[in-house]
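Visitor: Could you walk me through how to read a model like this one?
Guide: Gladly; let us look at it together.

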Amino acid sequence: MATSTPDSAFRFPYMADRFAPARRKTLKVRVGNRYIGGDTPILVQSMTTTNTKDVDATVFQTLELAKAGCELVRITAPTQKDAECLKEIAAKVRAAGCDVPLSADIHFQPRAAMEAVKWVEKVRVNPGNFVDSKSPTPREYDEAGFISGQQKVYDAFAPLVRIAKDRGVCLRIGTNHGSLSDRMMWKYGDTIEGMVESALEYLRVCEAENFDQIVFSMKSSNPRVVVQAYRLLAARLDKEHKPYPFHVGVTEAGDGEDGRLKSSVGIGALLLDGIGDTIRVSLTEDPEHEIPVAKALVRLCDLRGMERVPALPEALDHYAFHRREVPVAHLGALAVGGREKIAVGTADPGSETLPKGERRIEWIGTRENHPPREQVPTMWEPHAVEFAIPPRHPVTALPSGLLLGGLSDLPAHLEVMVEDPAHLDRLPADVFKLPGLFWSMAPGGNNPVARYRHLAAWLAAKGRPDPIVLRGQSDGSAEGNMLLAARFGSLLVDGIGDLVRVDGALGPRACMHLGYDILQAAGVRRTKPEYVACPSCGRTLFDLQTTTQKIRARTAHLKNISIAIMGCIVNGPGEMADADFGYVGGAPSKVNLYVGRDCVKKNIPEEEAPEALVALIKEHGRWNEPADTQVSSGA
Ligand code: SF4
């Protein structure tokens with residue numbers, strides 16, 4: 001996705017105060033016996049993965065989801081026949097004593113939407129494909145063609161709006177990055193601006209029909225795009241006093257720890273800014289697994305009681321990714337800042353030793369327990385660096401509250417760790433004479449995002465392009481990791497952070513890996529393959545979970561490659577973003593393979609497809625053998 005900076009019309013703030021976040025004020029929208037938005041708690045939802053025509057299986061999974069705490073269940077309705085099945089599904093779910101609201105998921109089929117709206121409490125439409133289409137060779141438009149497309153949207157969507165209004169059904173206008181129509185692509189390109197305009201075109205139809213029971217979403221598999229697109233939509237709607245609630249999610253987040261971290265970066269960063277009224281965590285796992293993750297995110301990102309940090313003017317573009325401009329600093333072998341990759345560090349290695357040949361670890365010594373300089377290279381070669389204040393400079397607490405090392409016999413670089421944002425303006429002027437300053441916020445307070453925003457804004461106001469170290473702790477639990485990902489993710493999306501430092505009970509090696517994995521989840525540094533895997537739904541044409549595992553097992557050793565594993569050809573190719581290779585269900589038990597956005601092999605039998613993908617990667621020179629199978633060249 002192009003990260004073009006939207007024009008000045010978009011320069012309305014997306015939240016009132018980035019230093020003291022509060023939940024975005026929205027309309028309250030009714031969905032069956034629940035509400036989305038307003039002052040109601042953030043609603044947790046998920047989606048069935050069964051074939052919708054298999055009514056009993058879909059009813060069973062809906063009931064299981066409700067039992068797991070799911071507060072709204074979405075069911076795909078790819079055809080009118082599927083939509084007709086919603087009647088029986090809804091009746092059986094209610095007969096089982098379950099009142100969880102049901103939502104129908106519609107792509108391409110206005111007729112299916114017109115059927116589904118009779119049986120469920122919410123209907124989702126995708127503006128990218130409800131009326132318009134997307135072709136492999138994008139259609140060209142002119143302005144007149146673009147405008148006549150708006151009339152077509154009205155003609156197809158208004159009847160659905162009218163019946164939704166009559167029946168008290170809520171509509172979700174759900175834009176997905178990757179499925180923008182040719183018409184929107186012609187006008188706006190592959191931008192968040194296009195995503196927002198695509199949704200607003202549908203809003204205009206609702207408004208013409210005096211219908212306001214609307215929820216918006218702006219999903220992508222790239223958390224950075226997710227955050228920027230929702231921010232931009234919030235800014236646009238709030239500027240026009242149209243505070244509709246948002247359904248927030250990261251699509252195709254994948255599975256396991258990576259899926260959880262990616263969701264935490266995208267969803268968590270938004271929740272920490274008060275954006276999000278209902279959330280779905282999309283994992284390539286059984287849908288019930290999504291519920292505890294979603295509930296944990298809502299709890300971890302609760303803004304009530306959040307520290308308020310004094311606001312400062314910011315010179316950041318909140319709608320596009322621009323890393324803070326910082327000159328390169330050399331910490332031993334490690335270069336930080338400039339265009340260098342964001343570095344990772346941790347505390348004392350203790351007794352843990354790294355496996356021989358470990359390549360993902362960079363070690364950064366700390367004031368607490370820094371190995372003597374001459375020992376570092378032998379312990380950690382080739383990744384060893386020295387950093388900050390060696391122990392020969394005892395840590396002292398200055399009256400200002402700033403922690404600094406002794407100010408004589410200085411190392412080349414010094415980290416100024418700020419305990420409280422209020423201390424910055426009391427900093428002794430002599431500090432600025434010190435060479436090679438790095439800055440960080442000391443752990444403390446419950447709003448590190450606002451503290452770091454304050455630090456970055458303060459440095460900008462002082463004209464100090466110094467590197468910033470993001471410090472964070474994890475207690476080693478899955479939730480601790482998710483909270484750290486949400487906090488770091490929010491800052492990294494804003495381009496704040498040149499080095500992340502993870503400490504905690506995990507142990508140094510796991511802390512380092514967590515740091516790298518969060519950088520990857522935030523899309524700012526890749527140290528292992530990136531898998532974009534859809535969560536599966538009633539359209540899925542192969543077993544996504546086992547296939548994803550098979551592909552991961554064959555390709556996990558590759559570096560700097562992204563592979564999309566998508567269950568169907570209907571939405572898969574559009575939504576696999578910018579993956580290098582795509583593995584997409586083309587027909588039942590048949591797979592199509594893609595290089596970028598081009599389909600290069602079709603109808604490969606499912607059992608042969610993982611190896612065909614490996615062959616394709618080899619053909620394109622992106623393969624290397626795993627380290628343990630490499631033949632020694634002999635010396
Ligand atoms: S890409 Fe996956 S989740 Fe999306 S519609 Fe296709 S099968 Fe369903």
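Visitor: What should I know before reading any values?
Guide: This is a predicted model, so to speak with care: local features need pLDDT of at least 70, side-chain atom pairs count only at pLDDT 80 or more, and totals for chains, interfaces and linings use all residues. Residues are numbered from 1 along each chain as its sequence is written, and side-chain values use heavy atoms, with hydrogens and water left out.

Visitor: Which residues surround the ligand?
Guide: A residue is near a molecule if one of its heavy atoms lies within 4 Å of it. Here the ligand is surrounded by C534, P535, S536, C537, R539, T540, G567, C568, N571 and G572.

Visitor: How many residues of that shell are nonpolar, polar and charged?
Guide: Ala, Val, Leu, Ile, Met, Phe, Trp, Tyr, Cys and Pro count as nonpolar, Asp, Glu, Lys and Arg as charged, and the others, Gly among them, as polar. By that scheme the shell holds 4 nonpolar, 5 polar and 1 charged.

Visitor: How do I read strand pairing, say around β6?
Guide: Strands (E, at least two residues) and helices (H or I, at least four) are DSSP runs, numbered from the N terminus. Two strands pair if DSSP finds at least two bridges between them. Strand β5 (residues 102-106) runs parallel to β6, joined by 4 bridges, and A104 has V123 of β6 as its bridge partner. Strand β7 (residues 170-176) also pairs with β6 in the parallel sense, over 4 bridges; there R124 has R172 as its bridge partner.

Visitor: Are the side chains of β6 buried or exposed?
Guide: Buried means under 20% relative accessible area, exposed over 50%, and partly exposed in between (1.4 Å probe, protein chains only). In strand β6 (residues 122-125), K122 and R124 point one way, V123 and V125 point the other way, and all are buried.

Visitor: Where does G174 lie?
Guide: G174 lies in strand β7. With a relative accessible area of 0%, G174 is buried.

Visitor: What does the handedness of a crossover tell me to look for?
Guide: Point the strands away from you: a crossover is right-handed if the path from the first strand over the helix to the second runs clockwise. β5, helix α3 (residues 110-116) and β6 make a right-handed β-α-β unit.

Visitor: What is the picture around β22?
Guide: In strand β22 (residues 530-533), E530 and V532 lie on one side and Y531 and A533 on the other, and all are buried. β22 runs parallel to strand β23 (residues 562-566), with 4 bridges between them, and V532 stands opposite A564. From β22 the chain passes through helix α14 (residues 544-555) to β23 in a left-handed β-α-β crossover.

Visitor: And an antiparallel case?
Guide: Strand β25 (residues 590-595) and strand β26 (residues 598-605) pair in the antiparallel sense over 5 bridges. L593 stands opposite K601 in β26. Their hairpin has 2 residues between the strands, and G596 takes a positive phi near 60° there.
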